[in-house]
Amino acid sequence: MERLFLSWEELLRLVRHLAGQLQGEEFDLILGIARGGLIPTALLAQALGARDILTAAVMFYEGEETLPEPVFLQFPADPLLFGKRVLVVDDVWDSGRTAWAVKARVRQAGGFPLVATLHFKPGRNQVPDEPDVYAEATEAWVVYPWAPEVWLKT
C-alpha cells in the first residue's frame, strides 16, 4: 500500500482547508477522537475560535487485531451533548467504523453530529456514510507528522 508522509506544513494546509469549509457552520462544541484526532482538533479549534472541546477515546484495534465492536474507553456524559451541535473531528475516515460509532453515540445522547476529517478513504469505507467535511480523499496509508515512526526515530 502506498504511504503518504505528511509534513507539518501540509497538515496546516489541510486544517486551513477544513476551517474554510466549516465557515458558516454552527456548532456548540468540538469532540475530538483520541488519539489521531486530537492534534487536528486542537488546530481546528484555534482556526475556528472554538473553546468548548471534549474528547472521545474509542478503541477498535487491539494491536493488529480489529475488534468486532468499538470499545468506548472515555466519552462525554450525555448531558454535555444533549441538544448540542457537535463537530466530531478525526484524522482519517478509513473504514469509517470509528467515526460512525461516535456519531451514533452523539445522536443517542441527543446531540447533532457533524463529522470532519483530514482524510477520507472512499475505497475502504465500510459504513453507509461518509464524513460531512474532509480535506482530501486518498487510498494511501497516511503517516501524520505526530506518528511515532516519524518523531521517535533514533
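This is a predicted model: local features need pLDDT of at least 70, side-chain atom pairs count only at pLDDT 80 or more; totals for chains, interfaces and linings use all residues.
The buried residues of helix 1 are Leu11, Leu14, Val15, Leu18, Ala19 and Leu22. Seen down the helix axis, these residues fall within an arc of 140 degrees, so they line one face of helix 1. Glu9 and Arg16 are exposed on the other side of helix 1. An α-helix has 3.6 residues a turn, so residues three or four places apart point the same way.

The length of helix 1 was also checked. Its 15 residues should span 21 Å at 1.5 Å a residue, and the end C-alpha atoms are 21 Å apart, which agrees. Just after helix 1 comes glycine 24, with a positive phi of about 90 degrees.

Helix 2 covers residues 38-48, and its buried residues are Pro40, Thr41, Leu44 and Ala45. Viewed down the axis of helix 2, they fall within an arc of 135 degrees, so they too line one face of their helix. They pack against helix 1 (8-22), strand 2 (29-34), strand 3 (53-62), strand 5 (85-93) and strand 6 (112-120). Glycine 49 follows helix 2 and has a positive phi, near 70 degrees.

Two loop residues were then examined. Leucine 6 sits in the loop between strand 1 (3-5) and helix 1. Its relative accessibility is 9%, under the 20% cut-off, so leucine 6 counts as buried. Beyond residues up to four places away in sequence, leucine 6 touches Leu14, His119, Val142, Val143, Tyr144 and Pro145. Of these, Leu14 is one of the buried residues of helix 1. Leucine 6 and alanine 147 are 141 residues apart along the chain, yet their C-alpha atoms are separated by 10.0 Å.

Lysine 121 lies in the loop between strand 6 and strand 7 (133-137). With a relative accessibility of 2%, lysine 121 also counts as buried. Its side chain forms a polar contact of 3.1 Å with the side chain of aspartate 94. Leaving out residues up to four places away in sequence, lysine 121 touches Val92, Trp93, Asp94, Thr138, Glu139, Ala140, Trp141 and Val142.

The unreviewed entry lists residues 7-133 as "domain: Phosphoribosyltransferase". In the model, this span is 33% helix and 35% strand. The end C-alpha atoms of residues 7-133 lie 21 Å apart.

Note on methods:
Residues are numbered from 1 along each chain as its sequence is written. Side-chain values use heavy atoms; hydrogens and water are left out. Buried means under 20% relative accessible area, exposed over 50%, partly exposed in between (1.4 Å probe, protein chains only). Helices (H or I, at least four residues) and strands (E, at least two) are DSSP runs, numbered from the N terminus. The arc is that of the directions from the helix axis to the C-beta atoms. Contact means heavy atoms within 4.5 Å. UniProt positions are given in the numbering used here, feature names are shortened, and annotations may be inferred rather than shown by experiment. A polar contact is a pair of N or O atoms within 3.5 Å; within protein, one must be able to donate a hydrogen and the other to accept it, and residues adjacent in sequence count only if both atoms are side-chain atoms. The expected span of a helix is 1.5 Å times one less than its number of residues.
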